[in-house]
Amino acid sequence: MTQQATIHGKVTFTPGDGAPLPIPKGPVEIETAKDSATLSWTADNDAAGSAALPKDQFNQYVRDGKIRIEGEAPPAASDAPSRK
């Protein structure tokens with residue numbers, strides 16, 4: 001099932017053995033599988049992008065509020081990491 005979401009913070013993916021690359025802030029489509037989530041987006045220059053993230057990494061981005069899934073409440077302030 002495809003879900004709509006928005007990138008609100010620094011979210012990266014690592015292609016192969018390369019360096020982490022940023023996923024641009026803004027709307028994305030998400031397809032989830034048992035062990036991964038695939039994010040698809042259109043960049044400012046109309047180039048299509050997609051990236052597969054391990055499920056643990058994806059879930060951490062959601063918990064941190066960096067990925068906000070449409071129709072789901074953002075994490076509660078007490079769930080957010082402290083900023084000491």
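**A guided look at the sheet**

In this predicted model, β4 and β5 make a hairpin, with three residues between them.

Visitor: Over how many bridges do strand β4 and strand β5 pair?
Guide: Strand β4 covers residues 26-32, and strand β5 covers residues 36-42. Their pairing is antiparallel. Within it, Glu 29 stands opposite Ser 40. The number of bridges is four.

Visitor: Which residue in β5 stands opposite Ile 30?
Guide: Look across from β4 to β5, the two strands of the hairpin. The residue facing Ile 30 there is Leu 39.

Visitor: Which residue in β4 stands opposite Ile 7?
Guide: Strand β1, residues 2-7, also pairs with β4. That pairing is antiparallel and runs over six bridges. Opposite Ile 7 stands Gly 26.

Visitor: Which are the edge strands of the open sheet?
Guide: Five antiparallel strands line up as β6-β5-β4-β1-β7. An edge strand pairs on one side only.

Visitor: What angle does the direction of helix α1 make with that of β6?
Guide: The sheet itself twists, by an average of 30° from one strand to the next. Helix α1, residues 55-63, packs on this sheet and touches β4, β5, β6 and β7. Its direction and that of β6 make an angle of about 105°.

Visitor: Is Thr 12 buried or exposed?
Guide: Thr 12 lies in strand β2, residues 11-13. Its contacts include Leu 21, Ile 23, Leu 53 and Tyr 61. Buried means under 20% relative accessible area. Thr 12 has 15% relative accessibility, so it counts as buried.

Technical notes
Residues are numbered from 1 along each chain as its sequence is written. This is a predicted model: local features need pLDDT of at least 70, side-chain atom pairs count only at pLDDT 80 or more; totals for chains, interfaces and linings use all residues. Side-chain values use heavy atoms; hydrogens and water are left out. Two strands pair if DSSP finds at least two bridges between them. Axes are lines fitted to C-alpha atoms, for helices over the stretch in contact, and angles run from 0 to 180 degrees between N-to-C directions. Contact means heavy atoms within 4.5 Å. Buried means under 20% relative accessible area, exposed over 50%, partly exposed in between (1.4 Å probe, protein chains only). Lists of a residue's contacts leave out its neighbours within four places in sequence.
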